[in-house]
Amino acid sequence: MSKKNNEIIANAKVKDEDQPKLPWAASWAMFIAPMIWYGPTVGVRNTLLPQLFSQIDPVHEVWAYGILGAVATLVSAITNLLFGALSDVTRSRWGKRRPYIVWGTIVMALSLIVVANLKSGVAIIIVWIVDATAENAIAASIYPQISDWIAPK
C-alpha cells in the first residue's frame, strides 16, 4: 500500500465500509454449530470407543484404537478436501453447502448410534470411517459459509 495525500491507496476495489458485515446470528451459529456436531463425536471417540474395544478384545484394544485413529485421520485428510471442492461447485435448491451439512449430520448421527451397538472391532473401525467422512463433509461445508456470507458480491 502507498499513501497519497493522506489517503491510503490499496489494490482492493471494495472499500471496507462497503463490505457486508457478518450478522450476529450467523456469528453465533458458526460458534455453536461445531459444538453440536463435533461434541458428540469427540465424546464417543474418546470415551465410548476405548471402552468398547476393551470389552470386545482386551488384548488388542490399544492396537485397535490406534488403527481407528490412523485410518480416520487418513480418511479425514482426503474427504475434507473432497467435500470442500464439491461444496464449492454444488448448485442445488438448498444452496451449495447446506446439502453436505444436512446429510453429513444425518449420517454422522446414525453412525454414532450404530457404532454404540457393534460387537466387532473391525466393524467399529469401518463405521468410524463413515463417521469421519460425514464429519468432514460437514466441516468442509460449514466453514466456507463465512466467506459466502460476507464476501463482496
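**View 1. Surroundings of Ser-87.** Leaving aside its neighbours within four places in sequence, Ser-87 is in contact with Lys-96, Arg-97, Tyr-100, Ala-140 and Ser-141, where contact means heavy atoms within 4.5 Å. This is a predicted model, in which local features need pLDDT of at least 70 and side-chain atom pairs count only at pLDDT 80 or more, while totals for chains, interfaces and linings use all residues. Residues are numbered from 1 along each chain as its sequence is written, and side-chain values use heavy atoms, with hydrogens and water left out. Ser-87 belongs to helix H2, which covers residues 61-89; helices (H or I, at least four residues) and strands (E, at least two) are DSSP runs, numbered from the N terminus. Is Ser-87 buried or exposed? Ser-87 counts as buried because its relative accessibility is 0%, and the terms are set as follows: buried means under 20% relative accessible area, exposed over 50%, and partly exposed in between, with a 1.4 Å probe and protein chains only. The side chain of Ser-87 also reaches the backbone oxygen of Gly-84, at 3.2 Å.

**View 2. Arg-97 and its partners.** Arg-97 is found in the loop between H2 and helix H3 (98-115), and with 5% relative accessibility it counts as buried. The side chains of Arg-97 and Ser-87 are joined by a polar contact of 2.7 Å; such a contact is a pair of N or O atoms within 3.5 Å, where within protein one must be able to donate a hydrogen and the other to accept it, and residues adjacent in sequence count only if both atoms are side-chain atoms. Not counting residues up to four places away in sequence, Arg-97 touches several residues, including Gly-84, Ser-141, Pro-144 and Gln-145.

View 3. How many salt bridges does a search of the whole structure find? The search finds one, a salt bridge being a side-chain nitrogen of Lys or Arg within 4 Å of a carboxyl oxygen of Asp or Glu. The side chains of Asp-88 and Arg-97 meet in a salt bridge, at 2.8 Å from N to O. Side chains of opposite charge can pair when their charged atoms come close. Asp-88 counts as partly exposed, because its relative accessibility is 38%, whereas Arg-97 is buried at 5%.

View 4. Helix H4 (residues 121-142) has 22 residues, which at 1.5 Å a residue should span 32 Å, and its end C-alpha atoms are 31 Å apart, so the two values agree; the expected span is 1.5 Å times one less than the number of residues. H4 is mostly covered, since 16 of its 22 residues are buried. At the start of H4, a side-chain oxygen of Ser-120 comes to within 3.4 Å of the backbone nitrogen of Val-122.

**View 5. Leu-81 and Ala-140.** Leu-81 lies in helix H2 and is exposed, with a relative accessible area of 64%. Although Leu-81 and Ala-140 are 59 residues apart along the chain, their C-alpha atoms are separated by 7.3 Å.

**View 6. The protein chain as a whole.** The secondary structure of the protein chain comes to five helices and two strands, and from the N terminus on its elements run β-β-α-α-α-α-α. Of the 153 residues in the chain, 31% are buried.
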